[in-house]
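This report describes selected features of a predicted model.

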Amino acid sequence: MPDTIASLSELYWDVWMESSPISATIYGDHRFDDQLGPTTHEESAEVASKLRDIGDRVRALGPLDRADALTRDILIVTVKGLVGLIDSGLYEAAISPFLGVQTVLPSGLSRNTAAEPEHAEMLLERVRSIPAYLTKVEQRQRIDLAAGLTPTGTNLERVLGQLDALVRAPIESDPMMAIGTPHGWAGEAEWRENLRHAVLEGVRPAFARHREFLAETAGPVARSDDQPGLLHLPDGQKRYETLIEVFTSLDLDAAEIHRIGMEEATGVLRDEFATIGEEAFGISDPAEVITQLRDDPDLRYDTAEEMLQHARSTIERAWAAVPEWFGVMPKGPCVVEPVPDALAPAMPGAYYGVGSPDGSRPGTYYLNTYRPETRTRFDGEAIAHHEAIPGHHFDRTLAAELTGIPRFRNYSANIAHAEGWGLYAERLADEIGLYSGPIDRLGMVSSDAWRAIRLVVDTGIHNLGWTRAQAIDFFADHAPVSGESIAGEVDRYIAMPGQALAYKIGQREIYRLREKARREMADRFSYPGFHDVVLTNGSVPLTVLGELVEDWIADR
């Protein structure tokens, strides 16, 4: 049979799900519930080969109607991005506090839910297979280390600490124990006991052995904090160029991205700190405003429950206010939950998990309540607007709820679109009037400065050879973030090259397109119409988003 965009989209879904089986379960595809995915270089190369073949066949298709042409354009960039990640050699089997098995497996499995008893048994086999999987991971890591793909010593220490925490945590709080079972299943109690045994007797000893492997094998070759960037690794510049394209989907180089970040972090955002700081504190010096926000103990939380209540009240107010700004709203609810205790120390301050297709798991805003006294309250509302409403609960859940499109488009997230929308949503919340006062608006500015700093620091580290200390110092000078959080963020940029570029680049492109539409459409422009164009086609590459907005302008 000849290829069609529908058949190639389905083939891509199959390859993607088989190579990402934990995600497949989250997305409601239970064919691979007993698997953990490819690990070796050979397995990764096979996946990349299949993806390249799909990309070639999609590009060879003849003329398509408008809807199918859109799917084609999205699929071409999506496939190219996944191949780029594989080719970079840095995002699989990584020795990383953010990408490592000690983070990816517990956090992913905690969001797995069995639809039927047979799926529950398959998920139990997935957990039981973790020890053998870790052995394969270690074989690959040994090869990567010998090839010069080494972690920094600081990030290695973070990984070892995470493994220690996982092994020692009370079994009741182990994220893997949160795997969901079919509602009302009579066999749950026995299954849950078997899961407990698999984690205690199989997974935890395997993680303990993995910890010793990393300490003995990666420890002696780990890089110093003075050489954290990709330019210190084999083919580092080429790897970084690939990752810039993957994470921005625009034709930008590291020098231009660095310039954009400097322009915002040292210019327009410092002006906002001064203007709003005068209203909030009677202080107009940006450096003094940043210091006030960072050091004032009254601007920190006291308890985890206080953090959760603040987040819940923020998204409740937002949900009531946003309908006039959107033509389409998510059907599913958004709930707030704390990050699991065993993961919290090394996880980011917040993140979003899309709901399950059958509605059994709602969209969830995960809030990190670890050590609440270190968490700043002034940016609590901005974070909630980014991760929940009108942020990721709109872009991710609306995408999942779309019908009449190939299913890969329901879940495939172009990070520049998704995270650009999240950062755009923080500013949109201000336009809607959702912030409680000037201090909370300073939280919005702080969050925006954070993302502008990412452009400077990520390119500084990986393209200009900045040391970890240089990156931390620049960050501290331009955003009211605690030293501990800054260190964690910088270590994230070191471990996940290029990923941090997506947020600000995506936000800027959405705003550029909005202003273009307002200028060209005049009184034909509407916020609901624009937001529907951005959100109701799924997560699209920024180049494709530009074409969609151009079409909307022309059609109205």
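Strand 1 (residues 334-338) and strand 3 run parallel and are joined by five bridges. Within this pairing, Val 335 stands opposite Thr 364 of strand 3. Strand 2 (residues 350-353) runs antiparallel to strand 3, and four bridges join the two. Here Ala 350 is the residue that stands opposite Leu 367 in strand 3. The two pairings are set out below.

| Strand joined to strand 3 | Direction | Bridges | Residue and its opposite in strand 3 |
|---|---|---|---|
| Strand 1 (residues 334-338) | parallel | five bridges | Val 335 and Thr 364 |
| Strand 2 (residues 350-353) | antiparallel | four bridges | Ala 350 and Leu 367 |

Strand 3 itself spans residues 363-367 and is mostly covered, with five of its five residues buried. Burial extends to both faces: Gly 363, Tyr 365 and Leu 367 lie on one side, while Thr 364 and Tyr 366 lie on the other.

The largest cavity has a volume of about 290 Å³ and is lined by 23 residues. Nearest its centre lie Leu 90, Ile 95, Leu 149, Thr 150 and Pro 151. In composition, the lining divides into 13 nonpolar, seven polar and three charged residues. Helix 7 (130-146) and helix 20 (483-495) each supply at least two residues of this lining; the largest share, three residues, comes from helix 7.

Is Gln 499 buried or exposed? Gln 499 counts as buried because its relative accessible area is 8%, and the cut-off for burial is under 20%. Leaving aside residues up to four places away in sequence, Gln 499 touches Tyr 91, Phe 247, Ile 415 and Arg 492.

The last topic is a helix pair. Helix 15 (residues 392-401) packs against helix 17 (residues 415-432) at an angle of about 145°, and their axes are 8 Å apart. On the helix 15 side the contact involves His 392, Phe 394, Asp 395 and Arg 396, which meet Ala 418, Glu 419, Trp 421 and Gly 422 of helix 17. The residues of this contact comprise three nonpolar, two polar and three charged.

Notes: Residues are numbered from 1 along each chain as its sequence is written. This is a predicted model: local features need pLDDT of at least 70, side-chain atom pairs count only at pLDDT 80 or more; totals for chains, interfaces and linings use all residues. Side-chain values use heavy atoms; hydrogens and water are left out. Axes are lines fitted to C-alpha atoms, for helices over the stretch in contact, and angles run from 0 to 180 degrees between N-to-C directions. Contact means heavy atoms within 4.5 Å. Ala, Val, Leu, Ile, Met, Phe, Trp, Tyr, Cys and Pro count as nonpolar, Asp, Glu, Lys and Arg as charged, and the others, Gly among them, as polar. On a 1 Å grid over the protein atoms alone, a cavity is a set of points where a 1.4 Å probe fits but cannot get out, and a pocket is an open set with protein on both sides within 12 Å along at least five of seven lines; lining residues have an atom within 4 Å of a point. Grid points are joined across faces, edges and corners, and a volume is the space filled by probe spheres set on the points. Buried means under 20% relative accessible area, exposed over 50%, partly exposed in between (1.4 Å probe, protein chains only). Two strands pair if DSSP finds at least two bridges between them.
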